[in-house]
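Reader: Please show me the structure, and then let me ask about it.

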Amino acid sequence: MHSTILPRAHPVAYRCAVFGTIVFLATLAEQLLVAASPGTAPPQDSRTASVRVDIAGIPTEPYPLARYPHMFLDDHLIAKTQKIRRRVQNPVRHPANPVLTSAYPWESLRVHPYGGVIYDEEKKRFRMWYMPYGPNWKPSRTAYAESVDGVRWEKPLLNLHPFEGYDRTNIVLAPEGGTNCIGVFRDAGERDPSRRFKAMFDTYTASGRVQNVVYSADGIHWNPAAGIQVLKGKKDSGISVFWSERLGKYMAFVRAYDPEPKPPLPPLGVFRLRTHAYTESPDFLHWTEPVSIIRTDEMDGTGGMVQVYGMSVMPYGDVFVGLLCLLHIQELVHESHPSVRNWDGAPSGNPLEVGYLDVQLAVSRDGRNWSRVGNRELFIPRGRPGEWDDEEIRPMQSWVLKDDKIHFYFLGSSNAHATGSPGAVGLATLDADRFVAVEPLFSKDTGLLETKALTGEGRRLLVNAAMAGGKLQLEGLDGSGKPIAGFEAGNCLLVRHDDLRYEVRWRSPTGTVSVQELAARSTAFRLRFLLEGNVKLFAFQIE
């Protein structure tokens, strides 16, 4: 369930070395692909020993399986499908929603989940950082809450940052220029205890908007107080930032803008186009210039009426999952913001973009190249009309996987974007690995999904699946797709492993055999999944 932890010697030296190695490998892969002709491609039979990579340095075929779940959000591992469909699964809203609400004067307008959430194994608590919005919320601040169960939250009052006569607050970071759109995470591999927690935020300076970073030993006391500038330019949506063990670098995802359309786009007169961008660093201090990675297109809507409002990104297994927040602009309103002066929702002289927000899924293997998941189905839809979250859904930049449940926290509001609406934090949960279900196209059909050539070492093959009167079978093939005797579908046996998973074995004259014997029969192997009736396949893994 977890990615392999890379050893880290000196933090900066090691990360610079890893970062440089990845860049070198990606460049070498690109040169090799350009130089190779179709006639010189390596053979793809079961005895192929080399591993091909794409231009980004991501393995293609045979694909080396690691000991974490491999899902079907994209086509990277898929060689063939017949009579199947993929459907995005919706997290289940908690009945106690909203779980975090305004309680103090400094957050009287809304509690906004720009920040981060973790589960602290040492404290045995969920820990959340968020932005409190009050009547005088500029400059913005960062507040802190914690919970035993992720549902009932406490806001410890500390003597760190007073607010308008209140000496004790739960505000933990309050630089002069604010902590707009802050992203907070715990860097588990950091060797320096004083830098175990890290954060990046957008802030105001005399010369304009910049992005600063800060460090903390405990997530409460942050240094340096004003932060260290690492980027510049307005990036006014939630910042996702983390260390990727798989790629060996820090990664951050921030808002960006396409060139301003001139004249404004009909039919509404949209005057700016939001996108989302990516930047990376070997040491958390030296960041590359952000590059745009995802934007909406005509399938979403014309005239700039649907835009990428933000994207919350986290590593999950061998991919990066993005919760893509989309703003659907319904009208442009030429009036002052109703709740605060000098509202920053639109440039001076431009109208407010009134509309609603919801969440879809996106996926990437390298952080740069993204694809939309499923049929652009909603992942976290708005609440039903009249509910507390029926207009705005904005996901927190991080989420927590605990006890095989993914905890997603999100801002919900019953008022439209740019109307100064109150808001609170909701919780929705999803069973581990179950972002997308592979299922038969029709219940009477037998659906088929065959993987590309794989390699891997492990004693057990697990499948994450739900079967309610359906049937799932697996066949073992060699690297070229030829069946391997003894690993036919008729011999397949699924043994319940836990509440979500089954272990795959095949009957043999002496009992049963596992993926370990399958891998021993061929340098590379493929898996063919056969699905009948009411069955959903979510992921597979070896361990």
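Reader: How many helices and strands are in the protein?
Author: Helices (H or I, at least four residues) and strands (E, at least two) are DSSP runs, numbered from the N terminus. The model is predicted: local features need pLDDT of at least 70, side-chain atom pairs count only at pLDDT 80 or more, and totals for chains, interfaces and linings use all residues. Residues are numbered from 1 along each chain as its sequence is written, and side-chain values use heavy atoms, leaving out hydrogens and water. The protein has two helices and 36 strands.

Reader: What is the order of the open sheet of four strands?
Author: Two strands pair if DSSP finds at least two bridges between them. The edge strands, β11 (180–186) and β14 (222–232), each pair on one side only. Strands β12 (residues 197–205) and β13 (residues 208–216) pair in the antiparallel sense over nine bridges. With antiparallel pairing, the order of the sheet is β11-β12-β13-β14.

Reader: Which residue in β13 is the bridge partner of Met200?
Author: β13 covers residues 208–216 and pairs with β12. The bridge partner of Met200 there is Val213.

Reader: Where is Pro224 found?
Author: The peptide bond from Asn223 to Pro224 is cis, with omega near -15°. Pro224 is in strand β14.

Reader: Is Phe284 buried or exposed?
Author: Phe284 lies in the loop between β17 (274–281) and β18 (291–294), and its phi is positive, near 75°. Buried means under 20% relative accessible area, exposed over 50%, and partly exposed in between (1.4 Å probe, protein chains only). With a relative accessible area of 0%, Phe284 is buried.
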